[in-house]
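Trainee: Could we go through this one together? I'd like to talk about charged pairs, a helix and the core.

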Amino acid sequence: MTTLLTLHPGQVDLASLRRIHQGGLTLSLDDSVRAGMQAAQAAVQRIVDHDDVVYGINTGFGKLASTRIDHGHLAELQRNLVLSHSVGTGEPLAAEVVRLVIATKAVSLARGHSGVRPALVDALLALFNAGVTPLIPAKGSVGASGDLAPLAHLACVLIGEGQARLADGRVVGGAEAMRSIGIEPFVLGPKEGLALLNGTQVSTALALAGLFGAENVFASALMSGALSLEAIQGSIKPFDARIHAARGQPGQMAVAAAVRTLLEGSDIIPSHADCGRVQDPYSIRCIPQVMGACLDNLTHAARVLVTEANAASDNPLVFCDTGEVISGGNFHAEPVAFAADILALAVAEVGAIAERRIALLLDTGLSGLPPFLVRDGGLNSGFMIAQVTAAALASENKSLAHPASVDSLPTSANQEDHVSMATFAARRLGEMVNNTAVVIGIEAMAAAQGIELKRTETTPRSSPAIEAEIARIRRQVAFVERDRYLAPDIEAMRQWALAAELPAPLLTLLPSHGA
């Protein structure tokens, strides 16, 4: 059974985009937008009938825009455009990303500025609803004249070319994929191939997938940070609401409040009120400041991406009120590139500060816990090398966080002389999120170990929320009594971090949950 989600182009919210990414939906289109699509398509047809010369309708493309194409070759022009641009390389994009690509391309075309037949949008939604995912190679777009190569691979299936994966897992040719949904491959009309290829839907889908993953590891990191605070018997005073109100940064205030809620009812906190420690290291004390800044950046990126997911971003655009077809540059993905770079910085910092907390937990001089969080140290190495793994991944993320948006290589004989590199900027987020999930998972496992190493029948208990999370972690991994094969435990905790099945105070911080 699937849930029906009706798309209202221009008004699709972030929570709906997250649901599309997760799957289990059937999509439909708000009927009110069909008239606009038909009017735009009629405007394009009038241009053809009147033999007016308009870029993308009866001309060549890019540097060949001054080349006039006669009526008899207009269908061939659009087909050739799709075939010649299908030059992607690399592994196919993940199915959940392709779902977002299909949905956002349908939304963009349905805005009524692209001049395509409604039947094309219906076919995209039919592919989505049947679980048919065109095979779109991950590499080959510079994010400038739209995501040309990857979107061409999507368009190929509509014209009966390329490849797609059916719901049963079989990979078939484009013609068979179209037959599987009961639709004959399209002969593209004027501008339809260009409308399918122009647009930022692939870079936007990748960035949205990165955002959703970043949200999950961010929330899990707040939980793992709270676990670490309890494990070292840290101070709750730096989370006092008055400190954060005095600064006024919204993310910082929200994070501090969420951590206070997680620790509400803890008996560990008052038990060490006079422990003699003056200040905790920054990785504990500055959780609100660092994680709050990350949250603010997630929120900003979310605003940019939900706008872009609803945008008419092909070229030229049809304006039915005047009948004009105006060429511009909405396909340039600079907003997406910047948003992806901001997300990369946030994901890297979430992992970096968590890795420092792991190191803190393992350092007996700072944490007061047994060295490397294991009994019989020396005979057992405990979490020593798990921290090395975390350090390796945190360092790798630093390199991956280098901004992609500042790079540009001219293409198309210098017609496209400044490009965004948004597609790579967004694509690398998936690897960064996975790296950070491993770091967060190791921290949570280590912190739970630290709490339990001090636990006796008379030891104060933590808060209900923290105790419940320790119990959930123990359902994933066992206490490390002595050295064992830890790789499966680390993988289980990576999945824990990505799932983010956490208390409401954490989840409601996230843009796509609060939308």
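Trainee: Which residue does Glu 176 meet in a salt bridge?

Mentor: Bearing in mind that this is a predicted model, the side chain of Glu 176 meets that of Arg 170 in a salt bridge, at 3.5 Å from N to O. Glu 176 counts as partly exposed at 34% relative accessibility, and Arg 170 counts as partly exposed too, at 43%.

Trainee: And how many salt bridges does the count come to?

Mentor: The count comes to 20 salt bridges, and among the residues involved, Asp 31, Arg 34 and Asp 122 are linked in a network.

Trainee: What about Glu 355, is that one buried or exposed?

Mentor: Glu 355 counts as buried, because its relative accessibility is 7% and the cut-off for buried is under 20%. Glu 355 forms a salt bridge with Arg 356, with the closest N and O atoms 2.8 Å apart, and Arg 356 counts as partly exposed at 44% relative accessibility.

Trainee: Which residue pairs with Glu 467?

Mentor: That is Arg 455, whose side chain meets the side chain of Glu 467 in a salt bridge at 2.6 Å, N to O. Glu 467 lies in helix 19, whereas Arg 455 lies in the loop between helix 18 (422-453) and helix 19, so the pair ties together parts that are 12 residues apart in sequence. Glu 467 is itself buried, with a relative accessible area of 15%.

Trainee: Changing topic, which residues of helix 11 are buried?

Mentor: They are Gly 251, Gln 252, Val 255, Ala 256, Ala 258, Val 259 and Leu 262. Seen down the axis of helix 11, these buried residues fall within an arc of 160°, so they line one face of the helix.

Trainee: What covers them?

Mentor: The cover over the buried residues of helix 11 includes helix 9 (201-231), helix 10 (241-247), helix 14 (287-309), helix 19 (464-476) and helix 21 (504-507).

Trainee: Then the core: which residues have the most contacts inside the largest nonpolar one?

Mentor: Leu 17, Ile 20 and Phe 218 have the most contacts inside that core, which has 159 residues, and its largest share, 19 residues, comes from helix 9. Apart from it lies another core of 12 residues, including Ile 47, Ile 69, Leu 74 and Val 318.

Trainee: What is Phe 218 in contact with, beyond its neighbours in sequence?

Mentor: Leaving aside neighbours within four places in sequence, Phe 218 is in contact with Val 255, Met 291, Cys 294, Leu 295, Leu 298, Val 350, Leu 509 and Leu 510. Val 255 is also one of the buried residues of helix 11.

Terms used. Residues numbered from 1 in each chain as written. Predicted model: local features only at pLDDT ≥ 70, side-chain atom pairs only at ≥ 80, totals over all residues. Heavy atoms only, no water. Buried < 20%, exposed > 50% of the residue type's maximum accessible area, 1.4 Å probe, protein only. Helix = DSSP H or I, 4+ residues; strand = E, 2+ residues; numbered from the N terminus. Arc of directions from axis to C-beta. Contact = heavy atoms within 4.5 Å. Salt bridge = Lys/Arg side-chain N within 4 Å of Asp/Glu carboxyl O. Core = buried A, V, L, I, M, F, W, Y, C linked by side-chain atoms within 4.5 Å.
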